[in-house]
Amino acid sequence: MNAMSESILDIPRASGDPCIMVIFGATGDLTKRKLIPALYNLAKAKLLSRKFALIGTAFDSFTDESFRQQLAQDIRTYAMGEVDDKVWAWLEKRIYFLQGDFRDENFYWKLRELCYSVGGKNAIDDNYCYYLATAPTFFGEIIRQLGNSGMAKEESGHWRRVIIEKPFGHDLESARTLNMEIREVLKERQIYRIDHYLGKETVQNIMVFRFSNSIFEPIWNRRYIDHVQITAAEEVGVERRGAYYENAGAMRDMVPNHLFQLLSLIAMEPPISFEADAVRDEQTKVLRAVQTLTPEDVLSMTARGQYHESSVDGVSLTGYRAEEKVARDSKTETFVAMKLLIDNWRWADVPFYLRTGKRMAGRTTEIVIQFRRPPMVLFRNTGIGEQIQSNRLVIHLQPHEGISLEFDAKMPGPLMKLGVVKMDFDYEDYFGATSSTGYERLLHDCMTGDATLFQRADMVEAGWSLIQPILDVWKALPPRSFPNYAAGSWGPKESEELLERDKRQWVNRVVPKIR
């Protein structure tokens, strides 16, 4: 027995259940860039069961051997660090491939036979994890066919779980329809609607930060917090995703999943436990408490934009309408900003400002908690009243994960002058660098049956319910000013005006050079 075989037997109790993972759409970018590196990292950390196998499926024609060879090349391109040949060799020999058409019912009977064969060859229990890394149009069809072929049925204590990528629906009606179609085949506990943002360490740390630190939870409310900002800015444009983005836009692509997940974790009440449904119950309550925007609110509390060509530091940046597979008169938004209010005791009158966009001044995802300014009575005659700044807590999600706290302190010297002190916690500096794609935790959770970080049906529908009125107004009133912000900027002026009307402004913390 070689060294890898011996070491892989030493599996801690935290390892995933024995299972076969089937990836539908296994020749796409998601598989080679994220899923395979994540599985490799889990194997290296001994968090994959030694009774594990992977079956890739796609329309493309591969054999087991040619698929393994392709992935062996890809892992050395997309792995987060140096590849351990022994770990990869262990994983590689457990990889198989089946070519077929996802609309052909015969394909699913072939897949069923292959699963039985692979399970028997590797002594794997009758557990299956299906990952739908396909276009959303295939979601309902694949699950229906899994049901027809008996591959979704759980019996004798074995499980069947399905991971569904975003976007989950195109609007409220389609999300409800998809939920109904899926639930005709699967129970809710079998459905894992994935959001890779929740695989980030800092996102998972939000609940720990809030509920395990007594200095923060008592002030996490309307008495002490002035407002909250959530920003997800991308430095790049739509790249090769023009066809997808034309149908989705920034709103559908980012808001009902990524941004609303972050909002719900920041604003939720303490759950009774960290069990999946207890946490998701509180997240859903928050989304249901958000005020639904009226058509008049949409006009005053939202902003949208589309980037045009620009030059930053001598580098020419392409406008959205010049991107591949984008209409030359496109009305699709590449930027969204909005103001939301939560109707509950904790957050009454505290605005939550959300924004996301492509081709912005920097790549950054962060949550800014802006605290209220203290009373100025004590400092009225000191001449420093205007120097006093509001305390600010910033949770950084990318490109670097960490937390910053800003507060005032007196500067050294005989005069009373204040300076802002920033205390930074960086995950990499404190705990060391980790090789992570963001998918490791989510794949591992699915294999162990922990759905805490996955969206439930009611969460999905609550999110779409909030943005549907915005989509309706935007459809009725197409934008007249597009394109309206320069590539490499922080978005359109309408976004700035959204906060200026409340005598506030966006925190534009990171402005890296456009490479």
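How many bridges join strand β1 to strand β2, and in which direction do the two strands run? In this predicted model, β1 (residues 19–24) and β2 (residues 52–58) are joined by six bridges and run parallel. Within this pairing, Leu54 of β2 is the bridge partner of Met21. Both strands belong to an open sheet of six strands, in which the order is β3-β2-β1-β4-β5-β6 and the pairing is parallel. The edges of the sheet are formed by β3 (95–99) and β6 (191–193); each has a single partner strand, so one side of each is left without a neighbour in the sheet. From one strand to the next, the twist averages 20°. Helix α3 (residues 64–78) packs on the sheet, where α3 touches β2 and β3. The direction of α3 makes about 120° with that of β3.

Helix α4 spans residues 85–92, and its buried residues are Val87, Trp88, Trp90 and Leu91. These residues lie on the same side of α4, because the arc that they cover around the axis is only 160°. At the start of α4, the backbone nitrogen of Lys86 has a side-chain oxygen of Asp84 within 2.9 Å.

Aromatic contacts were examined next. A pair of aromatic rings is described by the distance of the centres and the angle of the planes. The whole structure contains 21 aromatic pairs. One of them, formed by Phe59 and Phe138, is tilted, with 5.8 Å centre to centre and 50° between the planes. Phe59 is located in the loop between β2 and α3, whereas Phe138 is located in the loop between β4 (128–132) and α6 (139–148); the pair therefore ties together parts that are 79 residues apart in sequence. Phe59 counts as partly exposed because its relative accessibility is 37%, while Phe138, with a relative accessible area of 16%, is buried. Phe107 and Tyr108 form an edge-to-face pair, at 5.1 Å centre to centre and with 80° between the planes. Phe107 and Tyr108 are both buried. The residues of these two pairs belong to one aromatic cluster, which also includes Phe24, Phe102, Tyr128 and Tyr130.

Glu282 counts as buried because its relative accessibility is 11%, which is under the 20% cut-off. When residues up to four places away in sequence are not counted, Glu282 touches Met268, Glu269, Pro270 and Pro271.

Conventions: Residues are numbered from 1 along each chain as its sequence is written. This is a predicted model: local features need pLDDT of at least 70, side-chain atom pairs count only at pLDDT 80 or more; totals for chains, interfaces and linings use all residues. Side-chain values use heavy atoms; hydrogens and water are left out. Buried means under 20% relative accessible area, exposed over 50%, partly exposed in between (1.4 Å probe, protein chains only). Contact means heavy atoms within 4.5 Å. Helices (H or I, at least four residues) and strands (E, at least two) are DSSP runs, numbered from the N terminus. The arc is that of the directions from the helix axis to the C-beta atoms. A polar contact is a pair of N or O atoms within 3.5 Å; within protein, one must be able to donate a hydrogen and the other to accept it, and residues adjacent in sequence count only if both atoms are side-chain atoms. Two strands pair if DSSP finds at least two bridges between them. Axes are lines fitted to C-alpha atoms, for helices over the stretch in contact, and angles run from 0 to 180 degrees between N-to-C directions. Rings of Phe, Tyr and Trp (its six-membered ring) pair if their centres lie within 6.5 Å; planes under 30 degrees apart count as stacked, over 60 as edge-to-face and the rest as tilted.
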